[in-house]
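Me: I would like to learn how to read a helical structure, one feature at a time. Where should we start?

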Amino acid sequence: MNSKRVRYKKKPPVFTGPRERFGQMLVRMRQLEGSPHNLALGMAVGIFVSITPIIPLQTIVAVFLAFLLRGSKSAAALGTWLSNPLTIPLVYYANYKLGCTLLGYQKTLDSIAFDSFSQLMGLGLEVTRAMIVGGVVIGAILGVAAYFITFRVFITIRRRARPVDTGSRSLP
């Protein structure tokens, strides 16, 4: 038996830089199937959910919402990649600050002296509420922007992938 071994490319490392992660995301986006509207809707849902502070459940919630809204579940899961260990602190801080502003909280974590752990735990509901309100607002803005951007990207990708008809037909 003559079996030829197929050499596969070396898999990229798990922890890659932003350029490599962006390249991987573009490759996966090109491989998605569906109409541009469904793909853009799924991506918008995924990005919206990735901004909200529900870190352990983001992918599950995004896929469920995409299912309800009839968007692409794969694109929704891909959209949750926006939140990662590098972006989470910035996103959550922005959510908290915007939430405090919108809810009218005078005291923020910056201006409170933590004398005890119980004092910090007393702030739990306020902090959570502020992060959720801020996350929903920022997520909605980014989700809408992501829809239109992703829609245009997929229209362009599909247009380039179509074979060009030269207009000449061969006779049988």
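**Reading the helices**

Reply: Start with the order of elements: along the sequence, the protein chain runs α-α-α-α-α-α-α. Keep in mind that this is a predicted model.

Me: How many helices and how many strands are there in the protein chain?

Reply: The protein chain has seven helices and zero strands. Of the contacts with a separation of 6 or more, 72% join residues 24 or more positions apart.

Me: How much of the protein chain counts as buried?

Reply: Buried means under 20% relative accessible area. By that cut-off, 30% of the 172 residues are buried. The chain exposes about 12700 Å², and 65% of that area comes from carbon and sulfur atoms.

Me: What span should helix 3 have, going by its residues?

Reply: The expected span is 1.5 Å times one less than the number of residues. Helix 3 covers residues 58–69, 12 residues, and should therefore span 16 Å; its end C-alpha atoms lie 16 Å apart, which agrees. Helix 2 passes the check too: its 16 residues should span 22 Å, and its end C-alpha atoms are 23 Å apart.

Me: Which residues of helix 3 are buried?

Reply: The general idea comes from the helix repeat: with 3.6 residues a turn, residues three or four places apart point the same way. In helix 3 the buried residues are Q58, A62 and A66. They sit on the same side of helix 3, because they cover an arc of only 60° around the axis. I60, F67 and L68, on the other side of helix 3, are exposed.

Me: What do the buried residues of helix 3 pack against?

Reply: Their partners are helix 2 (36–51), helix 4 (73–79) and helix 5 (88–103). Just after helix 3 comes R70, with a positive phi of about 60°.

Me: Which residues make up the largest nonpolar core?

Reply: Look for buried nonpolar residues joined through side-chain atoms within 4.5 Å. Here the largest such core has 10 residues: I51, I88, V91, Y92, Y96, C100, Y105, V127, A130 and M131. Helix 5 and helix 7 (124–161) each supply at least two residues of this core. Helix 5 gives the most, with five. A second, separate core has eight residues, among them L39, M43, I47 and F154.

Notes
Residues are numbered from 1 along each chain as its sequence is written. This is a predicted model: local features need pLDDT of at least 70, side-chain atom pairs count only at pLDDT 80 or more; totals for chains, interfaces and linings use all residues. Side-chain values use heavy atoms; hydrogens and water are left out. Helices (H or I, at least four residues) and strands (E, at least two) are DSSP runs, numbered from the N terminus. Buried means under 20% relative accessible area, exposed over 50%, partly exposed in between (1.4 Å probe, protein chains only). The arc is that of the directions from the helix axis to the C-beta atoms. Contact means heavy atoms within 4.5 Å. Accessible areas come from the Shrake-Rupley method with a 1.4 Å probe; for residues, only the protein chains shown count as cover.
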